[in-house]
Amino acid sequence: MFSPNVNHIVEHPAAGYRKIFETVEELNEPLPTEVTGVLPSWLSGSLLRMGPGLFEVGAEPFHHLFDGQALIHKFDLREGHVTYHRRYIRSDAYVRAMAEKRVVITEFGTAAYPDPCKNIFSRFFTYFQGIEVTDNCLVNIYPIGEDFYAVTETNFITKVDPDSLETLKKVDLCDYLSVNGVTAHPHTDADGSVYNIGNCFGKNMSLAYNIIKIPPPQKDGSDPLKRSEVVVQLPSSERFKPSYVHSFGMTENHFVFVEQPVKINLLKFLSSWSLRGTNYMDCFESNEYIGTWFHVATRDPAAYLSSHKFRTSAFNVFHHINAYEDQGFIVVDLCTWKGSDFVYNYLYLANMRAEWDKVKESAMRAPQPEVRRYVLPLDIYRVGKNLVSLSYTTATAVLRSDGTVWLEPEVLFSGPRQAFEFPQINYSRCSGKNYRYVYGLGLNHFIPDRIVKLNVRTKDTRLWQEEDSYPSEPLFIPTPEAIDEDDGVLLSIVVKPGAERPSFLLVLDARQMTELARASVNTIIPVTLHGTVGKRAIS
Ligand SMILES: CCCCCCCCCCCCCCCC(=O)OC/C=C(C)/C=C/C=C(C)/C=C/C1=C(C)CCCC1(C)C
Ligand SMILES: [Fe+2]
């Protein structure tokens with residue numbers, strides 16, 4: 001580890017990060033790892049993570065970071081021994097691509113072209129047969145009831161076996177719920193209920209964001225998805241342009257949805273989809289003027305609080321850190337990117353694989369990251385004055401004469417082109433509650449090169465970093481019988497291209513951010529986005 005100062009910017013002239021954006025083969029059986037350091041004796045179970053693994057099919061490249069075919073990874077920890085395994089998910093997108101040796105289903109930033117072997121008439125019908133939505137579940141994996149699902153953000157989720165990593169079945173959420181897709185970041189209640197949010201394009205082009213609930217495992221063993229329901233509908237601020245939503249907030253009594261100025265132009269989406277060469281990225285646009293709207297709904301009974309219109313200036317948001325209620329206020333902590341220019345425009349693989357100077361140049365033009373705290377008063381009574389009376393924050397909320405409440409944030413962390421992203425908290429203990437610590441991946445001009453711990457009360461940071469090493473989102477696992485909030489370990493997959501064994505599972509002491517152990521493996525592990533712990537729960 002080097003550089004204890006979070007503001008010290010490390011350079012990557014050797015461009016070793018390129019390795020995490022290269023295709024790898026799946027494994028037929030788990031690989032052994034070499035463990036150095038001391039693994040906590042209580043740490044047993046599996047870490048499951050998702051990401052892209054196949055970045056081209058034959059001669060056809062995928063263009064965007066979120067296009068590569070879904071690869072599931074597993075580190076298995078058992079009595080001090082660690083193995084590593086990975087398999088491609090047998091999605092329709094993958095199976096058909098492998099069979100036809102070309103991109104068959106359009107991905108986020110890569111369009112599928114019609115089969116050149118088809119004659120002109122059958123090609124014509126392929127163009128106009130409508131939208132074939134991708135099931136490439138590269139974003140996350142989480143449990144629903146007793147089952148594990150690999151997911152993207154469409155209506156298709158894929159059931160997988162967390163032990164063998166085999167693909168079990170494709171599930172269409174539209175068979176159960178009125179949604180066009182849901183996020184890859186659900187919330188889970190203490191009783192196992194799963195909540196999520198998604199766009200819903202209703203009849204007559206009516207638009208809403210639906211919050212859904214999937215109940216906990218059923219006593220009769222039936223599939224909880226069969227009992228899933230929409231619990232509350234939030235309106236869209238623009239008629240044909242819902243905002244892109246990647247996650248949401250949930251406190252003890254409220255749902256919080258941040259409607260960002262990155263919009264899906266539905267007319268473009270529906271009209272241009274059948275045209276040659278269109279992909280999802282082509283259907284996004286930024287609304288420079290609308291700013292960012294916060295929506296709040298109560299959980300029980302589920303109802304939209306329509307009288308409060310919370311507004312602030314434009315930002316992109318992908319990851320909610322946490323949200324909680326305190327003394328009549330809702331505190332919402334977010335990883336934001338300033339402005340309305342869509343951050344995903346900067347995540348094309350050509351950008352990510354460029355020489356270091358070019359990577360930096362491109363990130364200079366992109367929105368700048370900031371971790372922010374917004375505070376929403378539930379009692380709104382006085383025009384023109386700051387309504388936030390929480391002693392520990394400088395965030396403000398002012399009621400204007402037009403009835404809107406203007407929010408200004410408190411900045412929790414800011415560093416030029418140094419993002420604190422992919423946030424994780426001690427979820428089982430602190431989700432929806434007042435908390436102290438968040439752990440995240442440090443992105444240096446979009447390149448992941450450190451793991452950071454942020455104390456949201458003092459703004460102190462600690463970090464782990466190692467030369468020419470590229471970590472992933474750190475997952476927090478509490479110590480059994482933990483007393484303090486940060487009593488536990490962080491697990492992250494790190495790629496160190498020059499090393500004899502170029503990837504390792506890193507186990508950090510979450511309190512000190514020091515290394516406890518690493519389990520190194522003789523293969524490169526491509527970039528992973530999100531993950532969870534497997535069936536034999538870690539701990
Ligand atoms: C781990 C290191 C990464 C290195 C760089 C990362 C930089 C990150 C900067 C910001 C954070 C962004 C986090 C995003 C994380 C993520 O996992 O995003 C993946 C999202 C995907 C693949 C989304 C797919 C969504 C689709 C296909 C949506 C489809 C739809 C529409 C667009 C409209 C109509 C409905 C429908 C079909 C659902
Ligand atoms: Fe995410």
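Start at the hairpin of β6 and β7: select E79, one of the two residues between the strands, and you'll find a positive phi near 45 degrees there. Strands like these are DSSP runs of E, at least two residues long, while helices are runs of H or I with at least four, all numbered from the N terminus. A quick heads-up: this is a predicted model, where local features need pLDDT of at least 70 and side-chain atom pairs count only at pLDDT 80 or more, though totals for chains, interfaces and linings use all residues. Residues are numbered from 1 along each chain as its sequence is written, chains are lettered from A and ligands numbered from 1 in the order written, and side-chain values use heavy atoms, leaving out hydrogens and water.

Now select β6 (69–78) and β7 (81–88). They run antiparallel, joined by eight bridges; two strands pair if DSSP finds at least two bridges between them. Click D76, whose bridge partner in β7 is T83. Next, pick β1 (residues 31–32), which pairs with β7 in the antiparallel sense over two bridges. Here P32 stands opposite T83.

Buried means under 20% relative accessible area, exposed over 50%, partly exposed in between (1.4 Å probe, protein chains only).

Hop over to helix α1 (residues 92–100), and highlight the buried A93, Y94 and A97. They cover an arc of only 95 degrees around the axis, so they sit on the same side of α1; the arc is taken from the directions from the helix axis to the C-beta atoms. Last stop: K101, which follows α1 and has a positive phi, near 55 degrees.

Notes
Contact = heavy atoms within 4.5 Å.
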